[in-house]
Amino acid sequence: SKLAVLISGNGSNLQAIIDAIRARMLDAEIVVVVSNRKNAYGLERAAQAGIPTRYHPLKPYRDAGRSRQEYDADLARILQEYRPDWVVLAGWMHILSDAFLRHFPYRVINLHPALPGQFPGATAIADAFEAYQRGEIKETGVMVHLVPDEQVDRGPVVASEAVPIYPSDNLETLTNRIHQTEHRLLVGALRRLLEGD
Ligand code: GRF
């Protein structure tokens, strides 16, 4: 299967996919990596692995008074050049509108550092840690889900896994534990999806 991976930053989850493909744990090819940020370290990871990269920033659209729908439609056009079977949001920090999603129905998967239904949005790990400190939760988690529509961090769950929080944790130790879980869960979820293809 052909994967397109969308990133905004470090790309450690992208790296997990690259490594799994190399180790033949995943029968797939990453056909393109797209970033909305020019200095995303994930772009270097992709280049080092010989994967084509594209940079698709929102600012020029904003500056020209062009809509988010136009940005998303152009993003879909970029990806379609590479004919991906699946689009993987691996730390992509923009919400995708229907102008993008209608081109890839039930073919977009997102990774989110919280359990299903909990802490949507960009600050999920910190939100969970604060809820833990208030005594509201004892654990958090990670999920991989399909992105059928514009709702943020929601959709049919492909895989999820609880991550414990310990009294000795700080935000950094919890974040590290969550990221390690993400790398494993994302690869496992992709395996299952691709086998079902
Ligand atoms: C991950 O925590 C992902 O769940 C979130 O953004 C982070 C991306 O990390 N949406 P990386 O760029 O893959 O290292």
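In this predicted model, helix H6 (residues 124-133) packs against helix H7 (residues 171-195) at an angle of about 125 degrees, and their axes lie 10 Å apart. The two helices are therefore oblique to each other, and the crossing of H6 and H7 is right-handed. On the H6 side, the contact is made by Ile125, Ala126 and Phe129, while H7 contributes Leu171, Leu174, Thr175 and Ile178. Of the residues in this contact, six are nonpolar, one is polar and none is charged.

Turning to the sheet, seven strands form an open arrangement in the order S3-S2-S1-S4-S5-S6-S7, with mixed pairing. Strand S3 (53-55) and strand S7 (157-164) stand at the edges with a single partner strand each, so one side of each has no neighbour in the sheet. From one strand to the next, the twist averages 20 degrees.

Individual pairings can be followed across the sheet. Strand S2 (residues 29-35) runs parallel to S3, joined by three bridges, and here Ser35 stands opposite Tyr55 in S3. Helix H4 (residues 68-80) packs on the sheet and touches S1, S2, S3 and S4; the direction of H4 makes about 150 degrees with that of S2.

Strand S1 (residues 2-7) pairs with strand S4 (residues 86-89) in the parallel sense over four bridges, with Val5 opposite Val88 in S4. S4 is also joined to strand S5 (residues 108-112) by three bridges, again in a parallel run. In this pairing Val88 stands opposite Ile109 in S5.

Terms used:
Residues are numbered from 1 along each chain as its sequence is written. This is a predicted model: local features need pLDDT of at least 70, side-chain atom pairs count only at pLDDT 80 or more; totals for chains, interfaces and linings use all residues. Axes are lines fitted to C-alpha atoms, for helices over the stretch in contact, and angles run from 0 to 180 degrees between N-to-C directions. Angles under 35 degrees count as roughly parallel, over 145 as roughly antiparallel, 65 to 115 as roughly perpendicular and the rest as oblique. A crossing is left-handed if the near helix is turned anticlockwise from the far one by less than a right angle, and right-handed if clockwise. Two residues are in contact if their C-beta atoms, placed from the backbone, lie within 7 Å. Ala, Val, Leu, Ile, Met, Phe, Trp, Tyr, Cys and Pro count as nonpolar, Asp, Glu, Lys and Arg as charged, and the others, Gly among them, as polar. Two strands pair if DSSP finds at least two bridges between them.
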